[in-house]
Amino acid sequence: MTERIRQLKQFFVIDKAHHATRFQSQDEYALAEHFKQKGLNDLERATQRLTLMMAAETPLLFPLERIVLTRRNPTVPSLFTKAELDRIKSTHKLHERGEVCNISVDYTMLLNRGLRDRRSELTISAAAFAKAGEKDKADYLTMQVEILDALQDLCNRYREQAIREGRQEIADMLTRVPMLAPRTFPEALQMFRILHFAMWLGGNYHNTVGRLDQYLYPYYRADIDAGRMTKESALEWLEEFFLTFNRDSDLYPGMQQGDNGQSIMLGGLNTDGSDSYNELSELCLKASLELCLIDPKINLRVNHNTPLDVYVLGSELTKQGLGFPQYANDEIVIPALLAYGYEPRDAYNYTVAACWEFIVPGRGMDIPNIGAVSFAAAMQKAVAEQLESTTNFDALLTAVKNNIHQQVLENVKAVQNLYIFPAPFLSLMMDGCSDSGRDVSLGCRYNNYGLHGTGIATAVDALAAIRKYVFGDQSITKTELLHALERDYAEQDGLLAKLRFDAPKMGNNDPEVDDIAVALMDAFADSVQGQINERGGIFRAGTGSAMYYVWHAANLPATADGRHAGEGLAANYSPSLFARLKGPISILQSFAKPHLTRLCNGGPLTLELHDTMFRNEQAIQKVALMVKSFMDMGGHQLQLNAVNRDTMLDAQRNPKDHRNLIVRVWGWSGYFVELDKEYQDHIIKRMELAL
Amino acid sequence: MNGIIFDIKEGAIHDGPGLRQTVFVKGCPLRCSWCHNPEGLSPRMELMISPNGCTCCGSCVKACPKGDRLLNFGKPVDCDACGLCVAACPQRIRRLAGEAITAGALADRLLANAPYYASTGGGVTFSGGEPLMQAAFVLETLRLLGSGVHKAVETSGYGAEADFDQFMASFDLVMMDLKSMDDDIHRHFTGVSNERILANAKRLCAGSTPFIIRIPVIPGVNDTVEHYSAVAELVSAAPALLRVEMLPYHLTAGAKYAMLHKPYTPGFDPDCPVHINQDIFAQYGIRSCVL
């Protein structure tokens, strides 16, 4: 890392010195009141909000920076008043905040063109629509032109400021971009910063970065080949660029600080079977390794030919304790996406949403986190209602599968009448949206929904225990078990210990347990099969949890795996929090068994490894071998954490000493001390393996 | 053929090439004062009790045939590891260290996952305890594993020469400790003379079995130029030496003593920083690394 980058990191990330330049927060609903009085429709509101936000920004140049744009206004106003929102919610389903989020736009649609080119196209199309009497479409494109103009104005103000301050390099850069297409790698980075900045200003969030190493590679290659840049200078540019993701990120909406969706996907197979992993992919890993920051979050696509060196570089990054890279296996994900009906060009082009859901850039308006199924609840309900009358284990298993099916149906029903607020700026980077004058919020090429699946290990462990002790050796009677569950194991310490610690568990490569996991996960995949949503898309079953692992645990009574009422479920696709397991290899083996091509909405197996496991090169090489082996066994997605429980406990006691401790939460990394205690405690409870 | 082991660790990364299954055999003739596997010392079953989580419910006292003589850690002085309290403890904080197993059963267990480990360039490692103490059992297990499994051993080298020769012939890799070249220091800190060990080390040096010398680096005991030089002098001409590995002492070594109700009295200052010196080995043309 150069001294300049070190100082920029100190300024923006550690000291957060730029926060002092921010405006006061404003009333989130004041603008909506104004919109309401003027009788504006949703599209007009979305457009005006964004153009007003851009107009309100005033240029800020900081010492040493070469890539500019720093947000001053902390408040993105609501499009609607509270009363209006209540009315909307009474007739429509709103997903999260109602804004378009968690998609991957195709940046190149603006980045490779420049705004001027795109603007004139839009003007011509608008005129054509007007002529054809399609006023709505003409108006839509005209509003997009207004947005581009406002963005250009903002960048002009930055350029003028740069000239005033004698920052010639910045001024030159802004003379080129965003109006004209970038010619160099640095210009492309500045162009991206401008586009991404505008997306956040417009109220859209979980604005993912996508396959950066692919769409920026031509700029990189050209500069290297022309001798305008060396690998070293490229790395410095890239590191400054990565720092920009950490400037305003505390203002981005999310469940917790850090949950902001700035994910990058590196590498991946091309349709011809070649590997797209390139020099820039490697530089991205290196930049992240040197910077040690939670953003951007690195994902890495691998396949059976991925060299061990790539896994080694990834493991070095894991060693930093950032909780990434997260690995995705092309051998599983691409066939899965093809089976879901994605065209090959899109399946091979997949990236991840904010956390780990597999989505396609520029063409997917998928909502991969629209709902969730709780395997644990499906199991618990079957046990509570049907164990008594059930004569054999298979019948109980069938009851669980029926409950899973029921939950899928409830999820499907709950997402009728979806309303998403217009996103005219994002639509400029989504295939077909602006040419047709149709906002991306109404749909795009793909409109699939994804359902998470939580508590698989809890469900499987409970069923395995019942199979062994109730139907097998009959050492526990149905009445005894049901009574204990009802009373949350009160005064049943012996029974609790047997179920909690002695019973078979998922993650021990035990065929007697893992076959239940295969059956339940197949049932989930079967249940979504054939379900069509109101946008014509399908439902995809997944292995992620997002924050559902907290929500689904809270009201879940005691379970037959020896889990107390309300006790946590594992996050994502992971063993139970208290399972005693033989070790990481068994976990990998167990979790590779289910038919993951059928449950490929996304959701990684998560392994916590003690940080001492990474203590030398040889050890890192072996962690890399382990990751590779999961992929070779047919795993779909893997995320490793280098953790140290003692460090985390100390961070709870002395947060000031651990400001920079980074942990993985569910699909994103955050600063440990900035998390709510509930999340901190869960992370501490997760298993920690030492080899 | 029966043996006693106390753990099979999966995915071990510091015990030879690739990922490995490491078998810990129980029983050791040495009493190194820095030993971090105290449950590997005795060749008999032993009761271990975790210091955390006891609710003082008294279930162990009721279950124990010697319940009237339980000490404050919940273990009678003459505990014969019957295991009744293990099953009785609702917190499952007790366990028996030690598993009697036949060579055939052990080989079957290892073979079940052998292809996985082979695919990572790994295999099986015997550690302990001291594998030489159960040489016949270990050798029989090796025979049953067949030729398709990479086999390594971690040994103190303290054993009969005939057994050691057989180990050299049967293992693909030997990792042997040289704790101190000075016999007085060796006796003082390990309880035994280093005479046999050095004799076996010389056999290793003269042989063709690939080997690694390991030095558990203990502050104030053997982290000296004299020790490093003597080790280098001994092994520098050995054709089959791969490298010297130094394993710095870790403060957590004492963690398991309380669980066995044994005192941990290291006999040296564990807080003292260790002196690592790789230059000496470099001077002798020997590769070295720190684990």
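In this predicted model, Asn102(A) lies in the loop of chain A that runs between α4 (82–91) and α5 (108–111). Its phi is near 65°, a positive value in a residue other than glycine. Is Asn102(A) buried or exposed? Asn102(A) has 23 other C-beta atoms within 10 Å; the threshold for a buried residue is 20 or more, so Asn102(A) is buried.

Cys56(B) is placed in the loop between β3 (46–49) and α1 (59–63) of chain B. With 8 other C-beta atoms within 10 Å, Cys56(B) is exposed, as the limit for that class is 12 or fewer.

**Cis peptide bonds**

Two peptide bonds call for attention. The bond from Phe324(A) to Pro325(A) is cis, with omega near 15°, and Pro325(A) is found in the loop between α14 and β3 of chain A. In chain B, a cis peptide bond joins Gly128(B) and Gly129(B), with omega about 10°. Gly129(B) belongs to the loop between β6 (123–128) and α5 (135–145) of chain B.

**Domains of chain A**

The domain assignment divides chain A as follows.

| Domain of chain A | Residues |
|---|---|
| Domain 1 | residues 3–211 |
| Domain 2 | residues 262–356 + 604–691 |
| Domain 3 | residues 367–585 + 594–603 |

The centres of domain 2 and domain 3 of chain A, taken over C-alpha atoms, are separated by 23 Å. Across their boundary, 31 residues of domain 2 of chain A are in contact with 25 residues of domain 3 of chain A. On the side of domain 2 that touches domain 3, at least two residues each come from α15 (330–339), β9 (605–610) and α28 (677–685) of chain A. The largest share of that side is supplied by α15(A), with 6 residues. By residue class, the side of domain 2 of chain A that touches domain 3 of chain A divides into 20 nonpolar, 8 polar and 3 charged residues.

How many of the 6 residues of strand β2 (residues 297–302) of chain A are buried? The count is 6 of the 6, so this strand is largely enclosed by the rest of the structure. Both faces of β2(A) are covered. On one side Lys297(A), Asn299(A) and Arg301(A) are buried, and on the other Ile298(A), Leu300(A) and Val302(A) are buried as well.

Strand β1 (residues 263–266) of chain A pairs with β2(A) in the parallel sense over 4 bridges. Within this pairing, Met265(A) has Asn299(A) in β2(A) as its bridge partner. The chain passes from β1(A) through helix α13 (residues 279–291) of chain A to β2(A), and this β-α-β crossover is right-handed.

Strand β3 (residues 326–329) of chain A also runs parallel to β2(A), and 4 bridges join the two. Here Asn299(A) stands opposite Gln326(A) in β3(A).

**A three-stranded sheet in chain A**

An open sheet of 3 strands in chain A has the order β6-β7-β8, with parallel pairing. β6 (367–374) and β8 (539–541) of chain A stand at the edges, each with a single partner strand, so one side of each is left without a neighbour in the sheet. On average, and with direction ignored, neighbouring strands of this sheet are turned by 30° against each other.

Strand β7 (residues 449–454) of chain A pairs with β8(A) in the parallel sense over 3 bridges, and Gly450(A) stands opposite Arg540(A) in β8(A). Helix α17 (residues 375–386) of chain A packs on the sheet and touches β6 and β7 of chain A; its direction makes about 25° with that of β6(A). Helix α18 (residues 393–414) of chain A also packs on the sheet, touching β6, β7 and β8 of chain A, and its direction makes about 145° with that of β6(A).

**Contact between the chains**

Between the chains, 16 residues of chain B are in contact with 18 residues of chain A. On the side of chain B that touches chain A, the elements giving two or more residues are β1 (2–12) and α4 (114–119) of chain B. Of these, β1(B) gives the most, with 4 residues. The residues of the side of chain B that touches chain A comprise 7 nonpolar, 6 polar and 3 charged.

Methods: Residues numbered from 1 in each chain as written. Chains lettered and ligands numbered in written order. Predicted model: local features only at pLDDT ≥ 70, side-chain atom pairs only at ≥ 80, totals over all residues. Contact = placed C-beta atoms within 7 Å. Nonpolar A, V, L, I, M, F, W, Y, C, P; charged D, E, K, R; others polar. Domains from an automatic or database assignment. Pairing = 2+ DSSP bridges. Right-handed = clockwise from strand over helix to strand, strands pointing away. Axes fitted to C-alpha atoms, helices over the stretch in contact; angles between N-to-C directions.
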